[in-house]
Amino acid sequence: MLSTIRSLRLHSRLLSLYAAVKRLPIEFAELLLSAYFCYCNLSPCTVDLDDRQTSVHFWAPYHRRCNKPNLVLVHGYGGNSKWQFVLQTLDWSFGAGFGRIQYMGMGIGIHFPAGQVAQLSRDFNVYMPDLVFFGRSYSTRTERTDAFQAKCVCDGMRKLGVERFSVYGISYGGFVAFRMAEMAEEAVEKVVIVSSAIVCTEDQKFEHLKKIGGNLVDMLVPEKPEDIRKLCEMSMYKSNVSKWFPDFFLKGFIAADGWKMEKRQLVEHLLSKQPDLHLPLLTQETLIIWGEKDNIFPSHLAHQLHRHLGPKSKVEIIKDVGHAANMEAPYSINKFVTTFLCGDRC
């Protein structure tokens, strides 16, 4: 009996050790990303909401400047706020240079050029929340709607003392940004929506799912590296970034995700939700950005949303770019966002 118990304990410890080893590459990458955000004058913080039933993690300005407008970046399903707004904007290199970090005595340098977040943080007080069940944000509540996500971000911004801000949301984050603008009309100044099929009929949704093939939930909440590669292949037109990463890294990315069941429920809610026949018209000026070669949400949905929102909205279509426009054309998007939000002031 005692030998059986010892054997079970050893097995449990070995499994824990194996899981920790799988997470090592991701933890190291997270460390580098944290260094990048610190370079961008951002620092991590967590706010408690709903009598501590919900906690939302933010990257927020270390020093907020009164002469800069406030901008909230809302990520989609491709990871938390760290991963979504940094891919293809860091120059990972070896050798000397500013922003260099020494790791275990090796000359591994990380150069921080004008990446997506670094660019935006020069012109804005940037706030980057992890949506609930992504990154370090969590809730014991049972809501799984985009409206709940929007309320959490708006309440979090209020707790951080930010009364007025613009919001920029990508894909699933675009649904959240739309709801934020709807429910916090006085707080949200302008809206940027990227690759987000907010106005989509039931027939269009069925056709898109049929075209995608396979199980969309499995792709968005991956269990194996092949799911991530498939999602990246569909999301990007120019290249599949998952090819840069070996299987052990992707397995670590999957192992580090602690809220798979909740994420699946979020996707299932969006897929089961009937189209909103009375979708509100936003009072804010809205910029809609789309990739011309988007294979997940075709670009005609951008014009469909534009027609719904009317003259207070405008559309920018980026050529030769897929669904993950923020990854394939980060500098083009930054230019559109900066010009739209502050014009000649920035």
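Q: How many aromatic pairs does the count come to in this structure?
A: This is a predicted model, so side-chain atom pairs count only at pLDDT 80 or more. Rings of Phe, Tyr and Trp pair if their centres lie within 6.5 Å. By this rule the count comes to 10 aromatic pairs.

Q: Is the pair of Tyr 77 and Phe 134 stacked or edge-to-face?
A: Let's look at the geometry. The ring centres of Tyr 77 and Phe 134 are 5.1 Å apart, with the planes at 85°. Planes over 60 degrees apart count as edge-to-face. The angle of 85° therefore makes this pair edge-to-face.

Q: How many residues apart are Tyr 77 and Phe 134, and which parts of the chain do they link?
A: Tyr 77 sits in the loop between strand 3 (70-74) and helix 2 (81-84). Phe 134 is found in the loop between strand 6 (125-129) and strand 7 (138-139). The pair thus links distant parts of the chain, and the two residues are 57 residues apart.

Q: What is the angle between the planes of Phe 85 and Tyr 168?
A: Here is another aromatic pair to inspect. Phe 85 and Tyr 168 are 5.8 Å apart, centre to centre. Their pair is edge-to-face, and the angle between the planes is 80°.

Q: Where in the chain does Tyr 168 lie, given that its pair with Phe 85 links distant parts?
A: Phe 85 belongs to the loop between helix 2 and strand 4 (91-94). Both Phe 85 and Tyr 168 are buried. The two are 83 residues apart, and Tyr 168 lies in strand 8 (residues 165-170).

Q: Is Asn 41 buried, partly exposed or exposed?
A: Asn 41 has a positive phi of about 65° although it is not a glycine. Its place is in the loop between helix 1 (2-39) and strand 1 (42-49). Buried means under 20% relative accessible area and exposed over 50%. With a value of 29%, Asn 41 is therefore partly exposed.

Q: What is the relative accessible area of Ser 195?
A: Ser 195 is not a glycine either, yet its phi is positive at about 55°. The residue lies in the loop between strand 9 (188-194) and helix 6 (202-212). Ser 195 is buried, and its relative accessible area is 0%.

Q: Why does Asp 227 count as buried?
A: Asp 227 has its place in helix 8 (residues 225-235). Leaving aside neighbours within four places in sequence, Asp 227 is in contact with Asp 218, Met 219 and Pro 222. The cut-off for buried is under 20% relative accessible area. Asp 227 counts as buried because its value is 10%.

Q: How many charged residues does the lining of the largest cavity have?
A: The structure holds 2 cavities of 30 Å³ or more, and about 40 Å³ of space lies in the largest cavity. Residues lining that cavity include Asn 41, His 63, Lys 68 and Phe 124. By class, the lining has 5 nonpolar and 4 polar residues, and the number of charged residues is 1.

Q: What percentage of the residues in the chain is buried?
A: The chain has 13 helices and 11 strands. Among its contacts between residues at least 6 apart in sequence, 72% join residues at least 24 apart. Of the 346 residues in the chain, the buried ones make up 51%.

Terms used:
Residues are numbered from 1 along each chain as its sequence is written. This is a predicted model: local features need pLDDT of at least 70, side-chain atom pairs count only at pLDDT 80 or more; totals for chains, interfaces and linings use all residues. Side-chain values use heavy atoms; hydrogens and water are left out. Helices (H or I, at least four residues) and strands (E, at least two) are DSSP runs, numbered from the N terminus. Buried means under 20% relative accessible area, exposed over 50%, partly exposed in between (1.4 Å probe, protein chains only). Contact means heavy atoms within 4.5 Å. On a 1 Å grid over the protein atoms alone, a cavity is a set of points where a 1.4 Å probe fits but cannot get out, and a pocket is an open set with protein on both sides within 12 Å along at least five of seven lines; lining residues have an atom within 4 Å of a point. Grid points are joined across faces, edges and corners, and a volume is the space filled by probe spheres set on the points. Ala, Val, Leu, Ile, Met, Phe, Trp, Tyr, Cys and Pro count as nonpolar, Asp, Glu, Lys and Arg as charged, and the others, Gly among them, as polar. Rings of Phe, Tyr and Trp (its six-membered ring) pair if their centres lie within 6.5 Å; planes under 30 degrees apart count as stacked, over 60 as edge-to-face and the rest as tilted.
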